[in-house]
Amino acid sequence: MRAVVRDKDLGFDEIQRQIALLDGSYVKVGFQEGTTTKTQVKGQRKQTAGLSIPQIAAGNEFGTNTIPARPFMSTSFDENKALINKAIQGEYTKILDGKRTTEKSLGLIGQLMTKLIVQKMRAIVSPPNSPRTIAIKKSSKPLIDFGQMVQSVRYKVVLK
C-alpha cells in the first residue's frame, strides 16, 4: 500500500513572510522632503512659491526668533500613545491572522498618525498669533494661513 502525503498551504508561508517583512519596515509620518509652497493669493496677500514646507513646520513646532513654539507633531503623538499602540497591536494581530499585509497595516497606521497631526494643527489656539500676524492674515488661527502646511502632512511606508 502506498501512502500519499499532500502539503496543503493554508497561508502559513505568507504569514511568515509578512512577519519577517515587519523587521526593519516602518512608516514615516510628517512633511516629506521636497515639498514646497505654491504661489497663492488670499485677498490682497500673495504667498511666494518655493518655501520649504518641512522648514515652515519645524519653525512652528519648535519656534524661531519671531515665532513661538506651537508643538503639533510631538504632542499629537504624546497625547495619543494609547490609541496608536492599540492600533499597532490590532494591525499586528491582523498580520498574524493572515488578514492583512505588512504594507497595508503600516499604511493604515500612517493614515491614523497623519489624521492625528492634522487634527492637532487645527485645534491649536495657543500661543495666539501676534496682533501684527492677525492683521496680515485676517485670521487669529495659528498654524493655518493658506492651508498648504495642513495639506502637506503625509506618510510613506518603507519596506525592508
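A residue counts as buried when its relative accessible area is under 20%. In this predicted model, Glu91 has a relative accessible area of 10%, and is therefore buried. Despite being a buried residue, Glu91 has a charged partner: its side chain meets that of Arg100 in a salt bridge, with 2.8 Å from N to O. Lys94 joins in as well, and Glu91, Lys94 and Arg100 are linked in a network of salt bridges.

A search of the whole structure turns up four salt bridges. One of them pairs Arg17 with Glu14, whose closest N and O atoms are 3.1 Å apart. Both of these residues belong to helix α1, where they sit three residues apart, about one turn of the helix.

Glu79 has a relative accessible area of 52%, and so is exposed.

Helix α1 (residues 12-22) deserves a look of its own. Ile15, Gln18 and Leu21 are buried in this helix. The three cover an arc of only 120° around the axis, which puts them on the same side of α1. Phe12 and Asp13, on the other side of the helix, are exposed. The cover over the buried residues of α1 includes α4 (81-96) and α5 (102-123). After α1 comes Gly24, with a positive phi near 100°.

Helix α1 also contains Ile19, which is partly exposed with a relative accessible area of 31%. Together with Tyr92 and Leu96, Ile19 makes a nonpolar surface patch of about 230 Å².

Attention now turns to the interior. In soluble globular proteins, nonpolar side chains tend to be buried together. The largest nonpolar core in this model has 18 residues, and the members that touch the most others are Phe31, Phe72, Ile117, Met121, Leu143, Met149 and Val153. At least two residues of this core come from each of β1 (26-30), α2 (53-62), α5 and α7 (148-151). Helix α5 gives the largest share, six residues.

Met121 illustrates how parts of the chain meet here. Leaving aside residues up to four places away in sequence, Met121 touches Phe31, Phe72, Lys141, Pro142, Leu143, Ile144, Met149, Val150 and Val153.

Pro71 and Ala57 are 14 residues apart in sequence, and their C-alpha atoms are 9.5 Å apart in space.

Methods. Residues numbered from 1 in each chain as written. Predicted model: local features only at pLDDT ≥ 70, side-chain atom pairs only at ≥ 80, totals over all residues. Heavy atoms only, no water. Buried < 20%, exposed > 50% of the residue type's maximum accessible area, 1.4 Å probe, protein only. Helix = DSSP H or I, 4+ residues; strand = E, 2+ residues; numbered from the N terminus. Arc of directions from axis to C-beta. Contact = heavy atoms within 4.5 Å. Core = buried A, V, L, I, M, F, W, Y, C linked by side-chain atoms within 4.5 Å. Patch = residues over 30% accessible without salt bridge, like charges linked within 9 Å, V, L, I, M, F, W, Y side chains within 5 Å. Areas by Shrake-Rupley, 256 points an atom, 1.4 Å probe, with all protein chains shown as cover.
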